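Please have the sequence and the 3D view ready.

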Amino acid sequence: MAYVTFGPQFYQSFGLANQKAGFLTSLIMLASIFLAPVIGVAFDKTGRKKPYLLTGSVVILLAFVLLALHFPGLPLWAVALGIGFAPIPVFVFAHLPETVKPHEVGMGMGMLTIASNLGTTMGPSALGSILDRTGGNFTVSLMVLAAVSIVIIAFSLGLKSGNLQSES
């Protein structure tokens, strides 16, 4: 959410018009609209989730780093964020029933909702604070988002095979 909040401002800093900056920012969600069902089918067909989560997280990490370094091809990195983001919510919601007991799925969904809303509420404020403290330096803020990807990768690598159905 922090990227979606400040993405237009980031792209505008390259001289892009409001409409194009907003469109590039929206690609993270637009790509997921089309990819999430495909990824869900892949989870079901292969029984594997961890490789998709890891791949998505690495793609996000690389995209944030390349955006932070102002690497040429901004639209490509904006699309890459969408591609990388797509497996994450699919993983989270598909993994929940495998993690909790059947009679606890409702509470699990409630906890996921709390976590999601905390991220939605605190993410933009935290990134905005970083931007304020660094004089609007998007390189620092995007590197912080890349660091969040590293945490997700570390978490993913720490998942045991017993936690994931037919995972390897």
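How many cavities of 30 Å³ or more does a search of the whole structure find? The search finds 1. Before going further, note that this is a predicted model, with local features needing pLDDT of at least 70, side-chain atom pairs counting only at pLDDT 80 or more, and totals for chains, interfaces and linings using all residues. Residues are numbered from 1 along each chain as its sequence is written, and side-chain values use heavy atoms, leaving out hydrogens and water.

A cavity is a set of points, on a 1 Å grid over the protein atoms alone, where a 1.4 Å probe fits but cannot get out; a pocket is an open set with protein on both sides within 12 Å along at least five of seven lines; lining residues have an atom within 4 Å of a point. Volumes are the space filled by probe spheres set on the points, which are joined across faces, edges and corners.

| Space | Volume | Lining by class |
|---|---|---|
| Largest cavity | about 40 Å³ | 8 nonpolar, 2 polar, no charged |
| Largest pocket | about 1300 Å³ | 27 nonpolar, 9 polar, no charged |

Here Ala, Val, Leu, Ile, Met, Phe, Trp, Tyr, Cys and Pro count as nonpolar, Asp, Glu, Lys and Arg as charged, and the others, Gly among them, as polar.

Look at the cavity: Y3, F6, G7, F10, L127, L131, F138, S141, L142 and L145 line it. At least two of the lining residues come from each of helix 1 (2-12), helix 6 (105-133) and helix 7 (138-158); helices are DSSP runs of H or I with at least four residues, numbered from the N terminus.

The pocket has 36 lining residues, and F85, I88, G119, V148 and I152 lie nearest its centre. Helix 6 gives the largest share of this lining, 10 residues.

Helix 1 and helix 6 also meet directly. Their axes (lines fitted to C-alpha atoms over the stretch in contact, with angles from 0 to 180 degrees between N-to-C directions) come within 7 Å and cross at roughly 40°. A2, Y3, T5 and F6 of helix 1 are in contact (heavy atoms within 4.5 Å) with G123, P124, L127, G128 and L131 of helix 6. These contact residues comprise 6 nonpolar, 3 polar and no charged.

Finally, the structure holds 1 salt bridge, defined as a side-chain nitrogen of Lys or Arg within 4 Å of a carboxyl oxygen of Asp or Glu. K49 and E98 form it, at 2.8 Å from N to O. K49 sits in the loop between helix 2 and helix 3 and E98 in helix 5, 49 residues apart, linking distant parts of the chain.
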